[in-house]
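Student: Could you walk me through how the parts of this protein sit against each other? I'd like to start with what you count as a contact between polar atoms.
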Protein chains: 2
Amino acid sequence: MSCEVSLPEAKKVAIFGGTHGNEMSGVTLVNLWLKNRAEIRRSGVEVQPFITNPRAVEKCTRYIDIDLNRAFTPENLSKREAEDHPYEIKRALEINRIFGPKGSSDAYDVIFDLHNTTSNMGCTLILESSQDHLNLQMVHYIKQAVAPMTCSVLVNEHPFLQYSTSRSVAKHPIGLEVGPQPQGVLRSNIFQSMRLILRHALDFIELFNGGMEFPPCTVDVYQVTERVDYPRDTNGNITAMVHPNLQDCDWEPLNPGDPMFLTFDGRTVEYKGGNTVYPTFINEAAYYEKQQAFVITKRGTLIARQIKVSKM
Amino acid sequence: MSCEVSLPEAKKVAIFGGTHGNEMSGVTLVNLWLKNRAEIRRSGVEVQPFITNPRAVEKCTRYIDIDLNRAFTPENLSKREAEDHPYEIKRALEINRIFGPKGSSDAYDVIFDLHNTTSNMGCTLILESSQDHLNLQMVHYIKQAVAPMTCSVLVNEHPFLQYSTSRSVAKHPIGLEVGPQPQGVLRSNIFQSMRLILRHALDFIELFNGGMEFPPCTVDVYQVTERVDYPRDTNGNITAMVHPNLQDCDWEPLNPGDPMFLTFDGRTVEYKGGNTVYPTFINEAAYYEKQQAFVITKRGTLIARQIKVSKM
């Protein structure tokens with residue numbers, strides 16, 4: 001049995017910044033690259049930097065009407081572009097027209113979507129499928145290229161917790177989340193890490209398109225299994241904070257009985273689950289409104305098949 | 001020569017939270033105390049917790065129309081409340097009516113204004129006058145009470161860089177700035193530090209009102225001398241980031257020749273001043289729009305005279 005996968009060239013690549021207008025590393029990098037593409041130019045690839053939510057960038061806010069990175073649902077994308085819609089729905093329709101249509105053979109091959117988080121997640125590549133062998137090979141390549149710096153891989157293909165991202169328009173969507181960085185702030189260390197990862201990602205695509213074969217490999221990942229909300233009162237106001245023992249401990253094991261929250265009156269709320277889990281997106285600013293204090297992940301290992309380009 | 005100052009009791013005290021609606025420690029503490037005042041009750045003092053910018057708190061944004069903490073200018077406060085104004089000007093007029101009028105004998109005695117910063121400033125008490133002996137004695141008391149935790153004192157009475165704060169309505173305005181904390185995030189360590197400082201501040205007022213004399217003392221402070229902006233291009237866009245050697249180094253000496261910024265093309269911009277200075281508010285999210293990467297301070301020592309209450 002041959003496990004090699006032949007895949008078409010990744011000719012059309014986009015780099016999205018400003019999907020959330022206050023996540024400054026991606027906004028700044030994309031704006032730099034729009035002025036000077038030398039750094040992102042690779043032979044045999046069209047690389048398109050793009051500010052996805054320019055009005056939110058201008059106001060330095062996450063979004064204007066609704067979260068653009070939840071807006072690429074089949075329902076929204078079936079609306080008519082000419083009609084009056086919330087700003088981000090109009091924008092989703094435009095983006096789908098330019099870089100999609102989502103799910104079609106005309107769609108862009110790869111979209112990198114650049115994000116920052118207030119959580120202490122370091123560099124994280126986010127995949128939407130455990131079966132996307134191009135992306136799995138790419139994250140394997142990036143992880144090796146940036147070592148000894150750590151680059152975690154988060155897979156979100158949970159049936160209820162997955163959401164309709166901007167990048168999901170592409171055949172191979174890949175999110176890059178780097179933190180900790182406050183909203184509206186540009187930190188040099190976060191900026192440099194994001195820039196480095198993008199360079200390696202584009203190198204990988206150039207090598208792949210150029211005919212390099214990538215042998216089968218394994219990729220250690222964290223898979224989203226659950227969302228945990230803050231304790232709240234009957235009015236929906238939070239009554240506790242992330243416990244100091246959990247704060248900033250993204251990717252570290254959370255065991256049954258470990259402290260999870262500290263209530264305003266000083267009581268500790270423990271984790272009651274049955275198994276050791278790996279929390280991430282801990283105390284992300286934008287997720288208070290989404291009723292999420294952190295997500296729980298389980299560790300796993302995915303197999304990336306050997307890939308090579310299928311020249312037409 | 002007697003240097004003792006007799007001062008009237010501080011009977012009317014307010015605690016402002018949410019002057020900036022996305023600075024979560026103050027918002028959360030004030031909301032807690034509005035529900036249950038036991039923790040802030042002191043004999044002989046009326047302590048009023050108050051959310052200054054409720055619409056900004058609701059939207060979890062710094063402000064709606066203009067920065068409330070710059071709005072208490074003589075010009076604004078002379079406007080008529082009934083007329084149509086930007087939201088924060090209306091709010092400033094209301095606050096001035098309730099807690100002022102600013103500069104009058106009817107004004108509140110002390111207003112604590114609770115803030116967070118994305119800068120690594122730790123706990124900082126902000127004074128608007130180097131001659132306010134009640135406040136100087138109070139910050140001296142707090143510094144001793146929280147030791148070995150550090151509590152810095154920033155004095156902003158610079159003729160051009162001082163601004164018209166919400167707390168300036170009171171006879172003795174005092175800002176409390178605690179960081180680092182991203183906008184929209186509540187961190188337990190920052191929350192607990194702010195809570196602790198407020199408790200000691202209220203204890204001080206109770207002791208003072210009760211007749212305790214506070215002997216003369218000195219207070220080490222940082223005095224604002226200059227504002228430093230990011231390098232920018234002709235369109236006003238920043239072209240550099242705070243240098244990694246300066247990032248998070250609030251209150252640490254910056255010497256002539258030390259790195260200050262790192263440009264996007266990798267060049268280091270050095271500090272060219274003639275003397276060692278002490279930067280703070282380094283890379284505060286809200287100050288990009290105010291053309292400020294950090295403020296420069298000089299170290300100084302202020303003398304607090306002996307104070308005692310003057311009973312009527």
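Tutor: A polar contact here is a pair of N or O atoms within 3.5 Å, and within protein one of them must be able to donate a hydrogen and the other to accept it. Please keep in mind that this is a predicted model.

Student: OK, and how many residue pairs in polar contact are there between domain 1 and domain 2 of chain A?
Tutor: Between domain 1 of chain A and domain 2 of chain A the count is ten residue pairs, both residues being at pLDDT 80 or more. On the side of domain 1 of chain A that touches domain 2 of chain A, β5 (122-127) and β6 (151-155) of chain A each supply at least two residues, and by class that side has five nonpolar, eight polar and four charged residues.

Student: Which residues form a salt bridge, then?
Tutor: Lys290(A) pairs with Asp67(A), with the closest N and O atoms 2.8 Å apart; across the interface of the two domains of chain A the rule finds one salt bridge.

Student: Switching topic, where do the domains run?
Tutor: The assignment for chain A gives 4-221 + 302-309 as domain 1 and 229-295 as domain 2, and their centres, taken over C-alpha atoms, are separated by 28 Å. Domain 1 of chain A brings 17 residues to the contact, and domain 2 of chain A brings 13 residues.

Student: What area is buried there?
Tutor: About 1200 Å² is buried between domain 1 and domain 2 of chain A, with carbon and sulfur atoms giving 49% of that area. Of the area that domain 1 of chain A buries against domain 2 of chain A, Thr118(A), Asn120(A) and Met121(A) supply 35%, more than any other three residues.

How values were computed. Residues numbered from 1 in each chain as written. Chains lettered and ligands numbered in written order. Predicted model: local features only at pLDDT ≥ 70, side-chain atom pairs only at ≥ 80, totals over all residues. Heavy atoms only, no water. Domains from an automatic or database assignment. Contact = heavy atoms within 4.5 Å. Buried area = accessible area lost by both parts, 1.4 Å probe. Salt bridge = Lys/Arg side-chain N within 4 Å of Asp/Glu carboxyl O. Polar contact = N/O pair within 3.5 Å; in protein donor to acceptor, adjacent residues only side chain to side chain. Helix = DSSP H or I, 4+ residues; strand = E, 2+ residues; numbered from the N terminus. Nonpolar A, V, L, I, M, F, W, Y, C, P; charged D, E, K, R; others polar.
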